Amino acid sequence: MLFFIDTANLDHIREAAELGILDGVTTNPSLMAKEGISGEKNILKHYRTICEIVGPGRDVSAEVIATDFKGMVAEGKQLADIHENIVVKVPMIKDGVKALAYFTEAGIKTNCTLVFSAGQAILAAKAGATYVSPFIGRIDDIGWDGMKLIREINQIYTAQAYETAILAASIRQPLHIVQSAKAGADVVTCPLSAILGLFNHPLTDIGLEKFLADYKKVNG
Ligand code: E4P
């Protein structure tokens, strides 16, 4: 399972990249706004900086703002031109699916976002999306089972031999990462806090403390 970081924060991206386990980045308009990135020039520059931080071969999802086919295609092309790492992120709406099919034909990588059902995931795969992003946390937020959707999509994609990769999104905590891996997600995108949370275990801390204390006893 690939690890993407879900942020537009450059320090967080650098920290995750330095861990040596980062495979890519996802952003969205809310995450860009959180970092105060505004204006077309600054937005494109920020995406380029992210691509340069993570290095070659690591996908960086950049989301279109337009909601009509023509607008999405124009914006997507502009985003894809920024850097070879860019994956055009398109919402799961009618014109979005049309745009996904267009980008697939044009050889531009895509990420279909705001996916909340297996039916939507089928449409994304039919349009040839590179990634489909089911939003786990937001489904959990309304009292449903986000992880069940990952399992369902995995079952369908396997049965139908769809090539679209399942990107578990809206991940809120370390357990979501473990559950996504078990459910068959190809990629998980999560905030730095969830990635770092995976390190935590009291027995690791206690064990390391004891090893170092024992070493000190005999080595001074
Ligand atoms: C990533 O592609 C999504 O935009 C993101 O994971 C959404 O996360 P949220 O539900 O925590 O905003």
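The legends below describe close-up views of a predicted model.

**View A. The largest nonpolar core.** This core holds 58 residues. Ile5, Leu79, Ile86, Ile150, Tyr157 and Ile171 are the members that touch the most other members. In soluble globular proteins, nonpolar side chains tend to be buried together.

**View B. The surroundings of Ile171.** Leaving aside residues up to four places away in sequence, Ile171 touches Ile136, His176, Ile177, Ser180, Val188, Thr189, Cys190, Pro191 and Ala194.

**View C. Thr7 in its loop.** The loop that contains Thr7 runs between strand 1 (2-6) and helix 1 (10-18). Thr7 has a relative accessible area of 7% and therefore counts as buried, the cut-off being under 20%. Not counting residues up to four places away in sequence, the contacts of Thr7 are His12, Ile13, Val25, Thr26, Thr27 and Leu31. Val73 is 66 residues from Thr7 along the chain, and the C-alpha atoms of these two residues are separated by 24 Å.

View D. Asp6, Thr26, Asn28, Lys89, Phe135, Arg138, Ala169, Ser170 and Arg172 surround the ligand.

**View E. Polar side chains at the ligand.** Asn28 has a polar side-chain atom 2.7 Å from an oxygen atom of the ligand. For Arg138, a polar side-chain atom lies 2.6 Å from a ligand oxygen atom. For Ser170, the distance from a polar side-chain atom to an oxygen atom of the ligand is 2.6 Å. On its own the ligand has 350 Å² of accessible area, and the protein covers 85% of this area.

Notes: Residues are numbered from 1 along each chain as its sequence is written. This is a predicted model: local features need pLDDT of at least 70, side-chain atom pairs count only at pLDDT 80 or more; totals for chains, interfaces and linings use all residues. Side-chain values use heavy atoms; hydrogens and water are left out. A nonpolar core is a set of buried Ala, Val, Leu, Ile, Met, Phe, Trp, Tyr and Cys residues joined through side-chain atoms within 4.5 Å. Buried means under 20% relative accessible area, exposed over 50%, partly exposed in between (1.4 Å probe, protein chains only). Contact means heavy atoms within 4.5 Å. Helices (H or I, at least four residues) and strands (E, at least two) are DSSP runs, numbered from the N terminus. A residue is near a molecule or strand if one of its heavy atoms lies within 4 Å of it. A polar contact is a pair of N or O atoms within 3.5 Å; within protein, one must be able to donate a hydrogen and the other to accept it, and residues adjacent in sequence count only if both atoms are side-chain atoms. Accessible areas come from the Shrake-Rupley method with a 1.4 Å probe; for residues, only the protein chains shown count as cover.
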